[in-house]
Amino acid sequence: MNQSFTPVRVGRYTLPNRLVMAPMTRSRAKFDGTPGELAAEYYAQRAGVGLIVTEGTQPSDDGQGYLATPGIYMPAHIAGWKKVTAAVHDKGGRIFIQIMHAGRMSHPDNTPHHRQAVAPAAIAPGSQMFTATGMQDIPTPRALTTEEVRRTVADFRHAARCAIEAGADGVEIHGANGYLVQQFVAPSANTRTDEYGGSIANRARFAIEVATAIADEIGADRTAIRLSPGITMWGIDEGAEGPALYRYLVAELDKLGLAYLHILHTGDEQLAGDVRALWKQSLIVNRPGRPRDKIGADVTSGLADLEAYGQMVLANPDFVARVKTGAPMNDADRASFFGGAAQGYTDYPAREAATAA
């Protein structure tokens, strides 16, 4: 039997299968950060996976990086997300809201307050991003003061409480893909001389403090984190100490008893095995671009307890059923990934609907 379809315990929940919808930015929120009108339908369509992890959701005005991304820190955000979580729960699904602070990966034109981005250090990522007036260079951010770092930890805590008030089953901290948490980890983005910079322990401190604060606020069994060891996008370079830092960080996070760790696997099999050995709770592995015939391989080998998939779930609302039956998959339309309305969002057909048509 394919182990992907067996139940698994994740935090306080027993999930019906081991397939996870990976977090994917869709840029269809309202400009005040409230989820868009079609968000509830979009996520509910995909509630057959064992766990949905939402698109990155900012914990503050400073946390926003891109246009039309959702927030989870104001009453309007809570009300909007309640519609989403209720729709998913009505379909029997579970949903964690991913809390994402973009840090330096931002532009003043994209945020509510139009202020300079904040980051561990005043170092630009050396890349561009889309704004309302087209592609622009990402400006140099302002370095957070030590007190502002602590206030940012409090922003994550507040956002986690708001997520639970909105009906989420838990939250996933976005510690990957070159955003704020990983910016603290990487020497190329963090030249601080206070307790948040320099040594491995200091550069890992922000991630640990955020996870500790959220676990204290909503319970460790509803708190999770995503990491991407070794990723080099957007000026991120973790240096020769990178693997050692992640071994330290994972071991420290493991002490908190979090619901799960979600690893974006970029190819270092030795480090992935070390993470598996260090982590005692549920481990989700996401291998970008993994072919269909490898679905379930990491669960079968014991490397992962669950596997996360992005584009295949995006394009196939009945992803689990298609994997079970071997049915062909819809192809994802890259042109509609970001922004827009129903096209490429809620209009992908389920297998039954496509057959009937």
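Is tryptophan 234 buried, exposed or partly exposed, and what is its relative accessible area? Keep that in mind while we walk through this predicted model; the answer comes in point 6.

1. Let's start with the barrel. Eight strands close into it, in the order 3-4-5-10-11-12-13-14, and their pairing is parallel. Neighbouring strands of this sheet are turned against each other by 25° on average, with direction ignored. For background, strands of a sheet pair through backbone hydrogen bonds, either parallel or antiparallel.

2. One pair of neighbours is worth a look up close. Strand 11 and strand 12 are joined in the parallel sense by four bridges.

3. Helix 3 covers residues 146–165, and its 20 residues reach 29 Å from first C-alpha to last, close to the 28 Å expected at 1.5 Å a residue. Its buried residues include Val149, Val153, Phe156 and Ile164, and also Glu148. The buried residues of helix 3 pack against several elements, among them helix 2 (75–90), strand 5 (95–99) and strand 10 (170–175). Just after helix 3, glycine 167 takes a positive phi of about 95°.

4. Helix 6 has 13 residues (242–254), which should span 18 Å at 1.5 Å a residue; the end C-alpha atoms are 18 Å apart, so the two agree. Which of its residues are buried? They are Gly242, Leu245, Tyr246, Leu249, Val250, Leu253 and Asp254. Seen down the axis of helix 6, these fall within an arc of 160°, so they line one face of the helix. They pack against helix 4 (180–185), helix 5 (200–218), strand 11 (223–227), strand 12 (260–264) and helix 7 (269–278).

5. Now see how helix 6 meets helix 5. Their axes come within 10 Å and cross at roughly 35°, and the crossing is right-handed. On the helix 5 side the contact includes Ile200, Arg203 and Ile208, while helix 6 brings residues including Leu245, Tyr248 and Leu249.

6. Finally, two loop residues deserve a check. Most residues other than glycine have a negative phi. Alanine 68, in the loop between strand 4 (51–57) and helix 2, has a positive phi near 55°. Tryptophan 234, in the loop between strand 11 and helix 6, also has a positive phi near 55°. Tryptophan 234 is partly exposed, with a relative accessible area of 26%, which means it falls between the buried limit of under 20% and the exposed limit of over 50%.

Methods. Residues numbered from 1 in each chain as written. Predicted model: local features only at pLDDT ≥ 70, side-chain atom pairs only at ≥ 80, totals over all residues. Heavy atoms only, no water. Expected span 1.5 Å × (residues − 1). Buried < 20%, exposed > 50% of the residue type's maximum accessible area, 1.4 Å probe, protein only. Arc of directions from axis to C-beta. Contact = heavy atoms within 4.5 Å. Pairing = 2+ DSSP bridges. Axes fitted to C-alpha atoms, helices over the stretch in contact; angles between N-to-C directions. Left-handed = near helix turned anticlockwise from the far one by under 90°.
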